[in-house]
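Hi everyone, thanks for coming.

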Amino acid sequence: MIDAKLLREDPDLLRAAQRRRGESESLVDELVAADERRRSSIASYEAVRAEQKSIGKLVAKASGDEKAELLARTKALSAQVKEAEAAQGEAAQAFERLLKSLPNLASEQAPEGGEDDFVVLDTVGTPRDFAAEGFEPKDHLELGEALGAFDVERGAKVSGARFYYLTGVGAQLELALTQLAMSKAAEWGFTPMIPPALVKPRAMEGTGFLGQAADDVYYLPKDDLYLVGTSEVPLAAYHSDEILDAGTLPRRYAAFSPCYRREAGSYGKDTRGIFRVHWFDKVEMFVYTTPEEAAAEHERLLGWERAWLDALELPYRVVDVAAGDLGLSAIRKFDCEAWIPTQGKYREVSSASNCTQFQARRLDIRERTDEGPRHVSTLNGTLCAMTRTIIALLENGQQADGSVRLPKALHGLLPAVLEPLS
RNA sequence: GGAGAUGUCGCAUAGUGGCCUAGUGCGCCCGCCUGCUAAGCGGGUUGAGGUUGAAACCUCUCGCGGGUUCAAAUCCCGCCAUCUCCGCCA
């Protein structure tokens, strides 16, 4: 959530930010009104409560008729206090609900517009020319089945559509990618983590996934727990309700975890193979830093993502996501998209978001400064999403005979070339 | 899953209905004193919100949420966490 003080100090800033996202400005006006109601109800409650307390002190000392009279007065007050307290609570709740529905202020640097209005920042590497090489590229499903790398039919049999088993070299590939990603992250100064994939509502809500993204989240009603769609959730909630000592920022964590996504509303989209699935594993980077450092850290996260894709020798481009496509928490988002030969386009394999203080306010994560505690900034970025990375490696590394050449970075962990099963 | 115990300021502890405006010790910060350090002395030290030009002030905060009461750290109910024992299990 945003800083509520902005509602009083600079509501026009908020209106402009809503416009940039293509969302309603009237929410800002509702918020200003709700804030006024909240504050006046607090004032009336505190006035009666203060009176009640001061009479209470007299009651303790008084006796006889005097005491009886005081008791009569304060008895009546008691009902008023209860009423005022309830009114105050309701006004505060209404305000908070509204405040939480307001997305983070889109950065001025984020391109204006919706999904299609992204800006390409850079393109790296050259997609292979399969026509010139004299063969038709196979798609990842065909390649993967021939290599015995995954099994989507049995995935569907056991768990349903959009599930799969990684098998043989596929399973080994994920483990190799995980090992490589985690050790690189550790070299870069990240603390390796393996977090819980089931979290309480607070963690889910605090990271902004129960807003417009709620339909995409798996929920276990019997236990009131959510399956996380990314380890951003347990990593952000890791320091919830904490005040971090000055000088301990930035704190960088790299987590390996499964990711569960309902993919509601994606029926018929990317149905082939393991491109869009209900579960995959991922190594995710997450950073707590100061508001001053957040933008620079965002660039660093992008730099690490690029270094990773460079190491995997994949052709990719970097996209600056438009304001209308940012999601609730981010002010700016860079996506890295790898070239997928059989689709003839670049597809998202990683994403780096700067959430500034938005998540930290909801999760109450602060740092101690000389001027007192203040909320930290949080950022997250994909290092390696397994299934999509495997797809990109297979399709881009394929050879005419159906074998797949792997990048040098993986050679210590796997053979240089994966051969199809006979 | 069953039984029991515990939860107070960074840590340790005191506090069983009004004198709690939560005491004390340790730690920490600022002074003083002192060849240096330590000790000693004095002051400060949870966080949030409201109000304000600022200060003063006010409200909330004793794991969390309800309730009883004129009044709750204190009594009652529910939940959560931790510890011990039993059961089950990788």
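Let's begin with the RNA. In this predicted model, 17 residues surround RNA strand B, and the closest are Ala50, Gly56, Ala60, Thr74 and Ser78. Helices here are DSSP runs of H or I with at least four residues, strands are E runs of at least two, and both are numbered from the N terminus.

Which helix gives the most to the surface near RNA strand B? That is H3, with 11 residues. By class, the surface divides into 7 nonpolar, 5 polar and 5 charged residues. For the classes, Ala, Val, Leu, Ile, Met, Phe, Trp, Tyr, Cys and Pro count as nonpolar, Asp, Glu, Lys and Arg as charged, and the others, Gly among them, as polar.

A quick word on conventions. Residues are numbered from 1 along each chain as its sequence is written, while chains are lettered from A and ligands numbered from 1 in the order in which they are written. Since we are looking at a predicted model, local features need pLDDT of at least 70 and side-chain atom pairs count only at pLDDT 80 or more, whereas totals for chains, interfaces and linings use all residues.

Now the overall picture. Chain A has 13 helices and 18 strands, and its C-alpha atoms fill a box of roughly 105 × 45 × 45 Å along the principal axes. The chain is divided into domain 1 (5-101) and domain 2 (115-418), with bounds that come from an automatic or database domain assignment. The C-alpha centres of the two domains lie 43 Å apart. How many residues of domain 1 are in contact with domain 2? There are 4, and they meet 4 residues of domain 2; contact means C-beta atoms, placed from the backbone, within 7 Å. The side of domain 1 that touches domain 2 has no nonpolar, 2 polar and 2 charged residues.

Let's go inside. Of the 422 residues of chain A, 39% count as buried. A residue is buried if 20 or more other C-beta atoms, placed from the backbone, lie within 10 Å of its own, exposed if 12 or fewer, and partly exposed in between. The largest nonpolar core has 100 residues, and those with the most contacts inside it are Ala181, Ala254, Met285, Ala338 and Leu383. Such a core is a set of buried Ala, Val, Leu, Ile, Met, Phe, Trp, Tyr and Cys residues joined through C-beta atoms within 7 Å. Helix H8 (residues 168-187) gives the most to this core, with 7 residues. The core also draws at least three residues from each of domain 1 and domain 2.

Staying with H8, its buried residues include Leu173, Leu177 and Ala181. Its 20 residues should span 28 Å at 1.5 Å a residue, and the end C-alpha atoms are 29 Å apart, which agrees. That expected span is 1.5 Å times one less than the number of residues. Just after H8, glycine 189 takes a positive phi of about 105 degrees.

Have a look at helix H13 (residues 386-397) too. Here 11 of the 12 residues are buried, so H13 is largely enclosed by the rest of the structure. One of those buried residues is Ala392, and Ala392 is also among the residues that alanine 338 touches.

To finish, some backbone details. Most residues other than glycine have a negative phi, and most peptide bonds are trans. Where is the cis peptide bond? It joins leucine 249 and proline 250, with omega about -5 degrees, and proline 250 lies in the loop between strand E8 (243-244) and strand E9 (251-260). Aspartate 224 has a positive phi near 55 degrees, and with 9 C-beta neighbours inside 10 Å it counts as exposed. Glutamate 263 also has a positive phi, of about 55 degrees, but is partly exposed, with 17 other C-beta atoms within 10 Å. This glutamate is found in the loop between E9 and strand E10 (279-289).

Notes:
Two residues are in contact if their C-beta atoms, placed from the backbone, lie within 7 Å. A residue is near a molecule or strand if its C-beta atom, placed from the backbone, lies within 6 Å of it. Lists of a residue's contacts leave out its neighbours within four places in sequence.
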